[in-house]
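Please read this note with the model open beside it. The points go from the whole chain down to single residues.

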Amino acid sequence: PAERAAIAALEDVEWMENCVRRIKSERERLYSEMKKLVRVYPSQANFLFFETEKPSNFIAEELMKRGVIIRDCSKFIGCKNHLRVSVGKKEDNDLFLEGLKEIL
């Protein structure tokens, strides 16, 4: 059944193209809002990479308390206060933005 479902999903090009359009649109909206708060890097992926003045582990922990999970990238070489957030549904992204504004 899983194999049949995967094949059906791959064959539904219209659905896939719709998903890509939604992700791109939401990524641009999220990027525009984040630019007002942090240093955010342009992206062609389904996530945004950004830097804050506050410690990244603090940001990640505070967002987690609010039900938002993001990736602390401070262990990457040269990425002291960097984080990564996946582009989600509008309501998920709004929750992230609201939390980020409160924390900053």
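1. The model is predicted. The protein chain has 4 helices and 4 strands. Read from the N terminus, these elements follow the order α-α-β-β-α-β-β-α. A box of roughly 45 × 25 × 25 Å, taken along the principal axes, holds the C-alpha atoms of the chain.

2. Burial and surface. The chain has 104 residues, and 31% of them count as buried. Its accessible surface comes to about 7,200 Å². Carbon and sulfur atoms account for 55% of that surface.

3. Contacts along the chain. Consider the contacts between residues at least 6 apart in sequence: 59% of these join residues at least 24 apart.

4. Charges. There are 19 positive and 18 negative side chains in the protein chain. The centres of the two sets lie 4 Å apart.

5. The sheet. In what order do the 4 strands of the open sheet stand? The order is β1-β2-β4-β3, and the pairing is antiparallel. The edge strands are β1 (39–40) and β3, each of which pairs on one side only.

6. The β1 and β2 hairpin. β1 and β2 form a hairpin, with 6 residues between the two strands. They pair in the antiparallel sense over 2 bridges. Within this pairing, Arg39 stands opposite Glu51 in β2.

7. The β2 and β4 pair. These two strands run antiparallel and are joined by 5 bridges. Leu48 stands opposite Val85 in β4. Glu51 also has a place opposite a residue of β4, namely His82. Glu51 can therefore be found from either side, since a strand pair is defined by at least two bridges and Glu51 faces Arg39 as well as His82.

8. The β3 and β4 pair. Strand β3 covers residues 71–72 and pairs with β4 in the antiparallel sense over 2 bridges. The bridge partner of Asp72 in β4 is Leu83.

9. The two faces of β2. Which residues of β2 lie on its covered face, and which on its uncovered one? Leu48 and Phe50 make up the covered face. Phe47, Phe49 and Glu51 make up the uncovered face.

10. The core. The largest nonpolar core has 19 residues, and Met34, Phe50, Ile70 and Phe96 touch the most other members. The elements that give two or more residues to this core are α2 (13–35), β2 (47–51), α3 (56–65), β4 (82–86) and α4 (90–103). The most comes from α4, with 4 residues.

11. Phe96. What does Phe96 contact once its neighbours within four places in sequence are left aside? The list is Leu30, Met34, Phe50, Leu63, Val68, Ile70 and Val85. Among these, Met34, Phe50 and Ile70 are also named with Phe96 as touching the most other core members.

12. Asn93. This residue is in helix α4. Is Asn93 buried or exposed? Asn93 has a relative accessible area of 2%, so Asn93 is buried; the cut-off for buried is under 20%. Not counting residues up to four places away in sequence, Asn93 touches Glu26, Arg29, Leu30, Ser86, Val87 and Gly88.

13. Pro42. The loop between β1 and β2 contains Pro42. Its relative accessible area is 67%, so Pro42 is exposed; exposed means over 50%. Pro42 and Arg27 are 15 residues apart in sequence, with their C-alpha atoms 9.6 Å apart in space.

14. Ser43. Ser43 is also found in the loop between β1 and β2. Ser43 is buried because its relative accessible area is 14%, which falls under the 20% cut-off. Leaving out residues up to four places away in sequence, Ser43 touches Arg27 and Leu48. The C-alpha atoms of Ser43 and Tyr31 are separated by 8.6 Å, and the two residues are 12 apart along the chain.

Note on methods. Residues numbered from 1 in each chain as written. Predicted model: local features only at pLDDT ≥ 70, side-chain atom pairs only at ≥ 80, totals over all residues. Heavy atoms only, no water. Core = buried A, V, L, I, M, F, W, Y, C linked by side-chain atoms within 4.5 Å. Buried < 20%, exposed > 50% of the residue type's maximum accessible area, 1.4 Å probe, protein only. Contact = heavy atoms within 4.5 Å. Areas by Shrake-Rupley, 256 points an atom, 1.4 Å probe, with all protein chains shown as cover. Lys, Arg positive; Asp, Glu negative; His and termini not counted. Charge placed at Lys NZ, Arg CZ, Asp CG, Glu CD.
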